[in-house]
Amino acid sequence: MNFLFSSKDEFKKNLIERVNKIKDTIEKVEKKYGNNGKVLIKDSAIIDLKETLIWALSYLAMLNSDKVKEYKDKVIEKLAYIRENRILTLDQYKDAYNLLQQILIL
Amino acid sequence: MDTNLQYTYSIPDLKTRFQIGFGNIIEQIIELLTYSDISTDTETFDNEELKNKLRAAISYALGLLASTWGYSMSEKTQRDVLIAKESLKALFDRIVKDPELTYLDLLDIYFELIQKVSIILNYGTPMPQPRTGSYEIT
């Protein structure tokens, strides 16, 4: 394992892969249960989301934007909620995915 | 008498080594932050392993910062480097001295550390092409 901490591009590349994995999870759940926002998501899908949010936080720390503080607070709020509840509805999961997408285009 | 001297600029290598060391430990910290398990965010977060890794990451960041002295930089940047050094030391002290740190506090320290290191990476401009080889003293 040799992760050269070099630039925000390195983090972005890594983050994009993880966000795509979250998208795949959403598509799989929707395929199985339809567009039912109340379906509960837990276990490894939650761990994936938590890890992706922490990568997003890392990426945010490397950005030079006046929106960093706002998005940092949003990410930390999601992480705190996940740590408390450990289960999300599909709607909440999609909401977190949308937040990740917004961070990628900052 | 041997008049052939070997010389090498090793600073870029040193910087890269610290970058790799820092990157590797950051991956480990992300893993710990992901899998750490505690029911509330207000109670003290007693995860010595995470704190140790954060301290190690700060040490790598200090090494990275020190390696920037091998690069040419303006007086202002030199002052910034010294300020960065003090703020990294303050982060380190906070982990060591504050026994009441919560998970969210550690997330905050982690965020601040990444912010500082991403700035440190821009300090100084590389010297002319690193050179290796020998030359003859006449």
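The structure is a predicted model, in which local features need pLDDT of at least 70 and side-chain atom pairs count only at pLDDT 80 or more, while totals for chains, interfaces and linings use all residues. Residues are numbered from 1 along each chain as its sequence is written, with chains lettered from A and ligands numbered from 1 in the order in which they are written.

Helix α2 (residues 44-61) of chain A packs against helix α3 (residues 68-85) of chain A at an angle of about 160°, and their axes are 10 Å apart. The two are therefore roughly antiparallel (angles over 145 degrees). Among the residues of α2(A) that meet α3(A) are A:L49, A:L53 and A:L57, and the α3(A) side includes A:V75, A:L79 and A:I82; contact requires C-beta atoms, placed from the backbone, within 7 Å. By class, 11 nonpolar, no polar and 3 charged residues make up this contact.

Turning to the partner chain, 21 residues of chain A are in contact with 19 residues of chain B. On the chain A side, the largest share, 8 residues, comes from α2(A).

A:D43, in the loop between β1 (40-41) and α2 of chain A, has a positive phi near 55° and is not glycine. A:D43 is exposed, with 9 other C-beta atoms within 10 Å (12 or fewer count as exposed, 20 or more as buried, and those in between as partly exposed). A:R86, in the loop between α3 and β2 (88-89) of chain A, has a positive phi of about 65°. With 14 C-beta neighbours inside 10 Å, A:R86 is partly exposed.

Terms used:
Axes fitted to C-alpha atoms, helices over the stretch in contact; angles between N-to-C directions. Helix = DSSP H or I, 4+ residues; strand = E, 2+ residues; numbered from the N terminus. Parallel < 35°, antiparallel > 145°, perpendicular 65-115°, else oblique. Contact = placed C-beta atoms within 7 Å. Nonpolar A, V, L, I, M, F, W, Y, C, P; charged D, E, K, R; others polar.
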